[in-house]
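Visitor: I would like to learn how to read strand pairing and helix packing. Where do we start?

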Amino acid sequence: MGEGRGREAGGGAEWELERESESAVAVEAVMSVQVVSAAAAAKVPAEVELKDLSPSEAESQLGLSTAAVGAMVPPAGGGDPEAPAPAAERPPAPGPGSGPTAALSPAAGKVPQASAMKRSDPHHQHQRHRDGGEALVSPDGTVTEAPRTVKKQIQFADQKQEFNKRPTKIGRRSLSRSISQSSTDSYSSAASYTDSSDDETSPRDKQQKNSKGSSDFCVKNIKQAEFGRREIEIAEQEMPALMALRKRAQGEKPLAGAKIVGCTHITAQTAVLMETLGALGAQCRWAACNIYSTLNEVAAALAESGFPVFAWKGESEDDFWWCIDRCVNVEGWQPNMILDDGGDLTHWIYKKYPNMFKKIKGIVEESVTGVHRLYQLSKAGKLCVPAMNVNDSVTKQKFDNLYCCRESILDGLKRTTDMMFGGKQVVVCGYGEVGKGCCAALKAMGSIVYVTEIDPICALQACMDGFRLVKLNEVIRQVDIVITCTGNKNVVTREHLDRMKNSCIVCNMGHSNTEIDVASLRTPELTWERVRSQVDHVIWPDGKRIVLLAEVESADDYYCGRS
């Protein structure tokens, strides 16, 4: 019914008059006036006269206190003193029969139709009151529609006064920060808890102990163990097979006597594996296979629970090998099994501790790169230890390489660049299981995907899956993203990097960082600019720049580590 809504109850009428907000910043005061009929009368008056009353008369007739009546009287000039109404909506000067403080006296007649309350009626104007109420007044000074009697209690909800009481000094970001820093903030909020840490001290220089008094570990901050424990508990819900194995066999301790030295990603998922090995009776010492993928809070949780863990996010190359050596070179402890991801641990023991290597009873390798290195040792007749190729198992090939990379490529690119994929031109180097997952994900997001491949069977598969087979030289000038997932070396050379378009994104989904020739970019004529954690701009003298993710150091591991 326009501004008013009528509801019949017990033979009477109840009306509510509401005032709209006149400001986009502040909230205007709202007054609700409820009117209830005194008797169940069949007739409701159509006209109500407004008569000027003195404060004492208003007090006696309306049941209002003198203070309440005074609060309803507008200042000279009328209207809200803080937000005056526009001239077009301002009511005429108060005269006889109209005023903010008046008694409502009924006259005979019928209730007008709802259309009579419309704002667009040119014969009516809004009579606005300081207390927030309003009435429709005809040119002769009478109200065209009103209830019969006024309820004695009038409640005010002065929201504007409450709004004005709030502190107005609010820190605001500058435009430049909102553009450049907001994406960094969103990235950090989903990252490791230690990304925002200001402590630049190397963990190697810290003396830390867990609650049991042990210091046989090296992590970023042992105090983050509680956060890491929560992440591990969440990961346990997604790994029912390991949890069922732990529950079924931990009483038998089938791995009693096993001394396992491991070098894998240290994430919540690998923590579940490590704790399962420990529950089954094995002794474990662990290092990280990737300098970017370690979740510091998870490493702290493992150290707190008694695992000798030597890893933190952002290790240098020297730190990387130092951590591996701390796992291996322990007085009175001889490992008899190796669990490796990439072959670095196996390579270190083989080169530095040949006598220890000969006593190893078995090696488990789970990456393409590590398997290649084991085959090289085998062909040279130097692999004197039984080794298991986990990478070629169906679960590893299909689930980790294909399905996990299909998700992690999008997750990693979104976290680091905040980009949209629709319409972007992407070249994926290699169409193995990892390449298949990347191409499927990018195609589903609307990207235009090209594939380079030297294996004829994989190339045929790419063609049958609807991707265009190209040579890298043919598309390097036009693509927006270059992704390598071959496990080979020198796939993207300095010549390719020089020919890339401005703002081209370069990343590696393989385990090794040899696929892209990053070393050739460390020259005096090129400028490196750190944009955010693990995102660098490499700037050419003419102003062209490329976006390098994680310095292409095993970017898939970096993504899977949610760092």
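Predicted model: local features only at pLDDT ≥ 70, side-chain atom pairs only at ≥ 80, totals over all residues.

Visitor: How many bridges join β15 to β16, and which way do they run?

Guide: Five bridges join strand β15 (residues 425–429) to strand β16 (residues 448–452), and the two run parallel.

Visitor: What links them along the chain?

Guide: Look for a helix. Here β15, helix α14 (residues 433–444) and β16 form a β-α-β unit, and the unit is right-handed.

Visitor: Which other strand pairs with β15?

Guide: Strand β18 (residues 481–484) does, through four bridges, again running parallel. Val-427 stands opposite Val-482 in β18.

Visitor: Why is β15 called largely enclosed?

Guide: Count its buried residues. Buried means under 20% relative accessible area. Four of the five residues of β15 are buried, so the rest of the structure largely encloses the strand.

Visitor: Now helices. What angle do α5 and α8 make?

Guide: Helix α5 (residues 225–237) and helix α8 (residues 296–304) pack at about 95 degrees, with axes 7 Å apart. Angles from 65 to 115 degrees count as roughly perpendicular. The two helices are therefore roughly perpendicular to each other.

Visitor: Which residues meet in this contact?

Guide: From α5 come Ala-225, Phe-227, Gly-228, Arg-229, Glu-231 and Ile-232. They meet Glu-297, Val-298, Ala-300, Ala-301 and Glu-304 in α8.

Visitor: How do the residues of the contact of α5 with α8 divide?

Guide: Six are nonpolar, one is polar and four are charged.

Methods:
Residues numbered from 1 in each chain as written. Heavy atoms only, no water. Axes fitted to C-alpha atoms, helices over the stretch in contact; angles between N-to-C directions. Parallel < 35°, antiparallel > 145°, perpendicular 65-115°, else oblique. Contact = heavy atoms within 4.5 Å. Nonpolar A, V, L, I, M, F, W, Y, C, P; charged D, E, K, R; others polar. Buried < 20%, exposed > 50% of the residue type's maximum accessible area, 1.4 Å probe, protein only. Pairing = 2+ DSSP bridges. Right-handed = clockwise from strand over helix to strand, strands pointing away.
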